[in-house]
2 protein chains.
Amino acid sequence: MPQRLRVIQLGLGPIGLEAARLTFSRSDLELVGAVDVDPRLGGRDLGDLLEIPDRTGVIVQSDLASALEREGPDIVFQTTGSRLADVMGQIEQVVRHGANLASTTEELFFPHRRHPVEAARIDSLAREQGVSVLGTGVNPGFAMDTLALCLSAVCRRIDSVSIRRVVDAMTRRAPLQRKIGAGLPVEEFRAKVARKELGHVGLVESLDLLAAVLGLVVDEVEETIEPVVATQAIRTSHATVEPGQVAGIHHTALGRSAGSLRISLDLRMYLGAPSPHDEIAIEGDPPIRNRVEGGIAGDAATAAILVNCAGRVVAAPPGLRTIAEVPIITCGT
Amino acid sequence: MPQRLRVIQLGLGPIGLEAARLTFSRSDLELVGAVDVDPRLGGRDLGDLLEIPDRTGVIVQSDLASALEREGPDIVFQTTGSRLADVMGQIEQVVRHGANLASTTEELFFPHRRHPVEAARIDSLAREQGVSVLGTGVNPGFAMDTLALCLSAVCRRIDSVSIRRVVDAMTRRAPLQRKIGAGLPVEEFRAKVARKELGHVGLVESLDLLAAVLGLVVDEVEETIEPVVATQAIRTSHATVEPGQVAGIHHTALGRSAGSLRISLDLRMYLGAPSPHDEIAIEGDPPIRNRVEGGIAGDAATAAILVNCAGRVVAAPPGLRTIAEVPIITCGT
């Protein structure tokens, strides 16, 4: 049996904790460390945070540098933020230490168009250190991009791609419910959108990857972010939403070439959304109509794909990689 | 721009011709040769066979060895047979010549369990020669295996996989209509099944790949092949089927572990099958329900994935590869 990969979990929010739980269950991975900046977590056994009866022996550390030094991980799972600007320091620290990195940072999924400077820096640093970095997740990372790439294999020609994702936010974690503005008055929602404090991070990265890999020339990207307004009171364990308040978000990204639509991404995440699903329509030869009934469960699935990609990331050629450059990620590999 | 890959198309049945047509349309590929054993095709310009007005300058050759010698291809697309035993000679010839090979040979898709000797021989020969060999296609190759692998990425755990494919054979080429026994009396269908002259080649290879990659232990594989009987007369451009005659095939492969079902593949291909589709159900955490409405068009899609995989095969590490070992195949790469 090959040696187990030594893993540090960086970030202990809901997805990080789930990834840690999953890592413990894997025979090919060994969770050797857990890091979070929250001082209330430092020094606690992960078993406490996972609400399992046994102590795990993995004690939460607050300092990434000393955790890397002490544990010498093969790979770090990063679940600390959505924006590259917020996590570049951590990424550079991990890579400089010579560890591979798999990250749910949305902007890292395909940073080449919007963040070329950061992408080039990560890539050259990773090559120097002989390690790989991969941005992964479900959205971006799977439902609105990779699954469409996979389906495209059977097409002779692609004219355009339309993807619609409908998520019932009732089933999602508290941070997600806050991210979609649930419970806000409509004006406050719009003000937050204007300040770029609301909106799904990663939709444009999905579009950029699709355009680049499928060779769909896009010269104009248009984003719209609108509130979905509650028509009746909604109570969740995290929030109460009155009629007229915001139940969630309708976020679209449209990619056009000389005015004609090539890529359309339509994301609706709101409390009580009926018939959640993921739908991909490829116009081309042959056309493809694909639907995941019920949709791909966001949080559980994000932790799953993060952990499932570990072996692929470690085996990948050094550098900043995209999902299109590693062998297909599967459950349990 | 990187140099175009030099391609020989080996086999000029319907799928081979379609692959040749597609290769001509690609800027990254150059069709340098076409080979078929049929003496009636030798010496003709491919343009004739493709029914296009222009001469292509690619003249059909009957001898593979001299075509390899003369054209020095980077990769050969092989569409000459379903069974490994029938095409091993060609595979060895291509690999010994130092060319990569992408093949629609159904038994090559995952030969490791059923044909371990041939698999090992191809693998060691390919490593010696520094080239790669990949079995690809739609079924096996995509609809009942690779798409399920792709979907599994978002699962924490998989208990079982059920895949159903329904194909309306009216839309398919003549060889396919013969393969499913369309127009035969039921007794003759059963006799041919008993002699292994009928049945979809590759269903068990799909099952074997799923079991191996997803780690689903299967200790017993059961296949059934039943006729679908026409209830009314069916006329196609290739055949006439009277009521009571065979309209097509219902082929299943079930993989069990200690009696419990882990993988179920259910394939129905018959003339006039209503609501063609491809459906994948993964039982696990989370469960996944995926459906391709209309199904994945068999012939066009097989030619497409064959041509789409060229770059991946050439870039793969030397040896006999499976679809799980190369980066995701996409349209146009």
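## The contact between chains A and B

In this predicted model, chain B gives 41 residues to the contact and chain A gives 41 residues. Two residues count as in contact if their C-beta atoms, placed from the backbone, lie within 7 Å.

Four elements of chain B each give two or more residues to the side that touches chain A. They are listed here.

| Element of chain B | Residues |
|---|---|
| helix H6 | 146–152 |
| helix H9 | 203–214 |
| strand E14 | 288–293 |
| helix H10 | 298–308 |

Helices (H or I, at least four residues) and strands (E, at least two) are DSSP runs, numbered from the N terminus. E14(B) gives the most to this side, with six residues. By class, the side of chain B that touches chain A has 27 nonpolar, eight polar and six charged residues. Nonpolar means Ala, Val, Leu, Ile, Met, Phe, Trp, Tyr, Cys and Pro; charged means Asp, Glu, Lys and Arg; the others, Gly among them, are polar.

E14(B) also pairs with strand E14 (residues 288–293) of chain A. The sense is antiparallel, over three bridges. Strands pair if DSSP finds at least two bridges between them. Arg291(A) has Arg291(B) as its bridge partner in E14(B).

Chain A is assigned domain 1 (5–137 + 301–325) and domain 2 (146–295). These bounds come from an automatic or database domain assignment. The C-alpha centres of the two domains of chain A lie 26 Å apart. Their contact takes 13 residues from domain 1 and 11 residues from domain 2.

Residues are numbered from 1 along each chain as its sequence is written, chains are lettered from A and ligands numbered from 1 in the order in which they are written. As the model is predicted, local features need pLDDT of at least 70 and side-chain atom pairs count only at pLDDT 80 or more, while totals for chains, interfaces and linings use all residues.
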